[in-house]
Amino acid sequence: MNNSDAERIETVLNGLGYKKTGKEKDADLIVAVACSVRQAAIDRIHGKVRNWQREKQKRKLVTVLTGCVLATDKKKFTESFDLVFNIENLTLLPEMLHSMKETDVRERGKYLTLKPMHSSGFQALVPIMTGCNNFCAYCAVPFTRGREYSRPAEDIISEVKELVENGCKEITLLGQNVNSYGNDKKDLPNFAELLSKINDIPGDFWIRYITSHPKDMSQDLIKKFVQCSKVCGYLHLPLQAGSSEVLKNMNRNYTYEHYKNLIERVRAVKPNIAISTDIIVGFPGETIEQFEDTMEAFKDLKYDMAYIAQYSPRSGTKAASFDDNVDKKEKKRRLKVLTEILAGTALEKNKKYVGQTEKVLAEKFEKGLLFGHTDSFKLVAISGGSKEYVGNFVQVIITDNNPWALEGTMV
Ligand code: SAH
Ligand code: SF4
């Protein structure tokens, strides 16, 4: 989402005559796009802005902060940045840069209609909704991004059409809860219907989407994995914890049994689908036994990939008032245990690819190898190619694997 926001920020700055530079030291203006999901990313921005403040004593430099910023951090950042603004007001950035003051207008969703400077000619991030209504106990997002707002369907479809006409091969639909698309307005299609409409756009391209919430994973949506030929065989479905008690404390609104049943239904319609997840270890009060439920879930569900995070308290959230009682060392241990189980299941999944021919979108050529992803989002290092293939689909025979990637040769 932040990468996508950055592309739109670039559009606005280009309109003001700015050009992107690869090097911080050449910049007259720096925009930081913050992520507030965990404290570490915010700490990094504090570090960066200290350097920029020193730079400012030597040369002219304007610093701006946007993205996901919590109210308490915003207060502090207002002292260190020249301007801090809500990303939803991006269309008003020219005026704000002029006055160096944040506007109090709130332009809900308008910035999504800005035509972005897509950073790649063949892969595009297309935000379809922003915000979240779920208020999971640990999460900063509803506070930084506000309530759910779905972008008009015609607007999304015309952006995708234009991208595909210009040779784009992979469209990634984005949203904090991508599959709750349309729930906020009566006249909008739901997410499953939107996928069908995008799938009907002529052209050879792939459709991905991220991130889905288990509560909005309808059977209609599950069926799209087979009904829509362009929808990739990959699902990222955050579990967060394998214990239904912890899920309840997290305010996730589903049980482990419900989640497991979803995965079974997805695999029933699309047996080879790759599935990844998000997990938080060390949520306040998570006991050893409850953590072991997550271990069991990992063994049971056999993920292809997982993004495992140590719980980080976020100010203003419900869990911020809970005692963060799982110490750092134990959080680290839990993370390591899950990573080991994952390495086993991921290895098992990747092994099955060896000997198969896969369609891969070639993304870059480095040190004599082509790199790309399969439709199941497996990274492949490909020999026998050249940089001319970048941006195209290629057929690859998979020759080897490890838990995190595949190797192959061009057909
Ligand atoms: N909307 C998505 C997740 C968005 S945030 C969902 O509902 O699943 C991305 C991931 O960051 C989450 O899935 C969660 O695993 C992690 N995360 C969010 N808040 C966190 C916190 N306070 N500490 C640690 N990890 C967190
Ligand atoms: Fe955060 Fe996702 Fe929960 Fe929304 S659904 S509060 S974005 S974790």
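Mentor: A residue counts as near a molecule if one of its heavy atoms lies within 4 Å of it. The model is a predicted one. Ligand 1 has 16 residues around it, of which Gln176, Gln240, Arg252, Asp278 and Ser312 come nearest.

Trainee: What makes the approach of Gln240 to ligand 1 a polar contact?
Mentor: A polar contact is a pair of N or O atoms within 3.5 Å. A polar side-chain atom of Gln240 is 2.7 Å from an oxygen atom of ligand 1, so the pair meets that limit. Asp278 also places a polar side-chain atom by an oxygen atom of ligand 1, at 2.6 Å. Gln176 uses a backbone N or O atom instead, 2.7 Å from a nitrogen atom of the ligand.

Trainee: Which residues is Gln240 in contact with, leaving aside its neighbours within four places in sequence?
Mentor: They are Tyr138, Leu247, Met250, Arg252, Tyr254, Asp278, Ile279 and Ile280. With Tyr138 there is also a polar contact between the side chains, at 3.3 Å.

Trainee: Which residues surround ligand 2?
Mentor: The shell consists of Cys132, Asn134, Phe135, Cys136, Tyr138, Cys139, Val141, Pro142, Asn177, His213 and Arg252. By class, 7 of the residues around ligand 2 are nonpolar, 3 are polar and 1 is charged. Tyr and Cys count as nonpolar and Arg as charged.

Trainee: How do you know that the buried residues of α10 line one face of the helix?
Mentor: Those residues are Tyr256, Tyr259, Leu262, Ile263 and Val266. Viewed down the axis of α10, they fall within an arc of 120 degrees, so they line one face. An α-helix has 3.6 residues a turn, so residues three or four places apart point the same way. The exposed residues Glu257 and Ala268 are on the face of α10 turned away from the buried side.

Trainee: What do the buried residues of α10 pack against?
Mentor: They pack against α8, β9, α9, β10 and α11. As for its span, α10 covers residues 256-269 and reaches 20 Å from first C-alpha to last, close to the 20 Å expected.

Trainee: What makes the buried residues of α2 a face of that helix?
Mentor: In α2, the buried residues are Ile42, Ile45, His46, Val49 and Trp52. Down the helix axis they fall within an arc of 130 degrees, so they line one face of α2. The opposite test is the face turned away from the buried side, which carries the exposed residues Ala40, Arg44 and Lys58. What covers the buried residues of α2 includes β1, β2 and α3.

Trainee: Finally, why is Ile198 called buried?
Mentor: The cut-off is under 20% relative accessible area. Ile198 has a relative accessible area of 0%, and is therefore buried. Ile198 lies in helix α7. Beyond its neighbours within four places in sequence, Ile198 is in contact with Ile156, Ile157, Val160, Leu173, Phe205 and Ile207.

How values were computed. Residues numbered from 1 in each chain as written. Chains lettered and ligands numbered in written order. Predicted model: local features only at pLDDT ≥ 70, side-chain atom pairs only at ≥ 80, totals over all residues. Heavy atoms only, no water. Helix = DSSP H or I, 4+ residues; strand = E, 2+ residues; numbered from the N terminus. Expected span 1.5 Å × (residues − 1). Buried < 20%, exposed > 50% of the residue type's maximum accessible area, 1.4 Å probe, protein only. Arc of directions from axis to C-beta. Contact = heavy atoms within 4.5 Å. Polar contact = N/O pair within 3.5 Å; in protein donor to acceptor, adjacent residues only side chain to side chain.
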